[in-house]
Amino acid sequence: MSSKIRFLLIDDDALDRLAVTRALRQSQCDYELVEATSAAAGLKLAASERFDAILLDFRLPDQDGLEVLRLLRSGQFNDVAVIMLSHQEDEALASQCLENGAQDYLLKGEVNGRQMMRAVRQAQQRYVIEGELRASREQLRQLSETDPLTGLINRRGFENALATAIARAKRGDHRLALLLLDLDEFKSINDTLGHAAGDALLVEVSRRFRATIRDSDVLCRLGGDEFVVLMTHFEQNAQAALLADRIIACLQRPVFLGTVEKIITASIGIALFDDDASDASDLLKFADIAMYRAKQSGRNQSRCYSPGLQEAVLNRSNMRHDMLKGLERGEFKVFYQPQIRSFDRRLSGMEALLRWDHPRLGLLLPSAFLSVAEETGLIVELGSWVLKESCRQLADWKARLPSLCSQLTLAVNVSCAQLTSNSLVVTIDKALAESGLSATCLELEITENALIKDTSEAVALFSTIAGQGVTLSLDDFGTGYSSLEHLRLFPIDVLKIDKEFVSAIGNGKKREKLLLAIIAFAKALEIKVIAEGVETKEQAAFCVEHGCDALQGFYFAKALPADEFEAAFLNQARVLPS
């Protein structure tokens with residue numbers, strides 16, 4: 001080594017220190033040795049001066065050497081390679097020292113000049129490598145906690161920040177507020193201008209939010225058009241509402257998306273850390289309730305959670321109770337919407353759709369209760385019931401009307417919760433076995449968003465289901481984050497083009513070209529294409545002309561109860577309007 005090496009020797013034994021000094025002299029290197037006879041003195045020197053290596057005695061009079069090593073590795077002192085010195089020839093002890101951050105472990109009785117310098121060089125090299133690994137891990141951690149589009153922290157990073165903030169708030173260190181932001185009518189931007197414009201908008205509003213919040217606040221993109229601000233270090237709760245007002249105000253200036261000028265607004269829900277919301281789950285839940293109220297009240301405003309909003313929580317609880325009773329009383333019904341073959345306009349199958357005949361509220365669509373079902377976990381039981389009941393119904397139709405129903409297929413929606421419940425395969429097996437329906441007659445519809453959460457597990461699950469003979473359909477195609485990748489990864493046999501694409505027919509050549517590209521891509525992969533949301537004769541004709549295999553939508557029929565569906569479609573080989 002060409003430059004002088006600075007050593008710090010922490011050892012209370014004078015003879016041992018003399019042996020180390022003699023070994024360093026034998027090495028004939030240019031060095032400087034600073035000695036400390038206690039842990040306290042050594043730590044003080046390590047904190048105030050720069051050393052290339054620390055030679056640390058395992059046994060010190062005022063503190064255990066391992067404890068000193070942990071302090072040196074705790075971040076309180078300058079980073080430096082550490083070599084432990086001991087009279088004990090103990091492999092377990094040596095391993096313990098290395099695990100706690102030492103770069104080497106030397107026996108005092110065997111130390112000579114050559115061995116000492118070799119150990120120092122190797123320790124320094126190991127320390128450099130360890131530092132690079134730490135930096136790499138930190139970089140990976142930051143990447144895993146960062147939203148790639150906006151550069152904000154993502155949900156994972158936010159959860160970590162929130163956990164830390166709540167721990168401090170519980171100690172009484174500071175106040176804590178959560179501001180949940182949802183952009184109003186963001187979906188219309190994607191639908192009318194495309195996802196690239198939507199992404200540009202998200203980047204711009206993120207920039208404005210950053211410029212509006214305080215340096216002490218944490219801004220996160222939870223996903224989609226949903227953001228959250230973690231607000232700390234404020235004196236009065238009213239400051240959270242003032243920050244929400246500033247955020248709303250920062251959106252009043254138009255945003256230019258290419259040549260299009262847009263004014264975007266946001267609805268904000270505020271939850272304060274207090275007796276009502278004392279953990280992360282409560283904070284997010286209450287902020288979400290408050291945000292929902294802001295949207296209900298006309299959007300472009302904020303609402304703060306208060307006991308007055310507790311009614312919303314109670315209503316959700318009542319809804320859950322009603323759903324449990326509804327399952328027991330048979331209040332849930334399966335309606336069926338026809339799927340029509342393009343080439344002859346005859347029935348090819350049907351989609352099973354859930355309805356709730358509520359004793360007080362009347363017939364409810366899924367949008368009225370599914371969010372509660374998903375939140376409470378009842379969606380798994382409901383989904384299982386729909387699967388079993390619809391399989392039973394189709395098997396019954398096939399048995400009674402074999403000439404008309406022999407080739408019909410049944411499409412059943414599967415929720416995200418069912419995909420992660422670890423019971424879906426068993427549920428499918430049971431539904432088919434109890435009904436006697438062939439697996440080839442069953443088609444499971446999965447939305448793209450359900451595939452994003454855990455791709456590897458989804459591949460394994462869907463491969464198992466496809467191996468049973470069940471057809472897999474990708475629903476709402478084009479609305480997710482990685483549509484084409486899903487078609488490559490998963491054993492998808494049917495693609496259902498989202499109604500938003502179908503509704504664009506006749507309203508713009510660019511969007512029609514996108515629809516044609518989707519159809520062509522699916523055809524290239526030999527995937528069956530179903531257009532859903534077909535509502536007009538023109539939409540039906542366009543989809544047929546350009547290669548859709550089947551059509552579904554109000555143009556042919558709305559979803560019907562089983563008896564009405566049978567009367568309308570199964571009593572004769574009905575030809576639908578062209």
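These notebook entries record what I looked up on one helix pair and on several salt bridges.

**Entry 1: the model.** I worked from a predicted model, in which local features need pLDDT of at least 70, side-chain atom pairs count only at pLDDT 80 or more, and totals for chains, interfaces and linings use all residues. Residues are numbered from 1 along each chain as its sequence is written, and side-chain values use heavy atoms, with hydrogens and water left out.

**Entry 2: salt bridges.** I noted that the structure holds 28 salt bridges (a side-chain nitrogen of Lys or Arg within 4 Å of a carboxyl oxygen of Asp or Glu). I looked up D147 and R221, whose side chains form a salt bridge at 3.2 Å, N to O. D147 lies in the loop between α5 (113-144) and α6 (155-170) and R221 in strand β7 (residues 218-223), so this pair ties together parts 74 residues apart in sequence (helices are DSSP runs of H or I, at least four residues, and strands are runs of E, at least two, numbered from the N terminus).

**Entry 3: E566 and R400.** I recorded a salt bridge between E566 and R400, with the closest N and O atoms 2.9 Å apart. E566 is in helix α23 (residues 562-570) and R400 in helix α13 (residues 378-400), 166 residues apart. E566 counts as buried at 18% relative accessibility, whereas R400 is partly exposed at 41%.

**Entry 4: a network.** I also noted that salt bridges link D11, D16, D57 and K108 in a network.

Key: Buried < 20%, exposed > 50% of the residue type's maximum accessible area, 1.4 Å probe, protein only.
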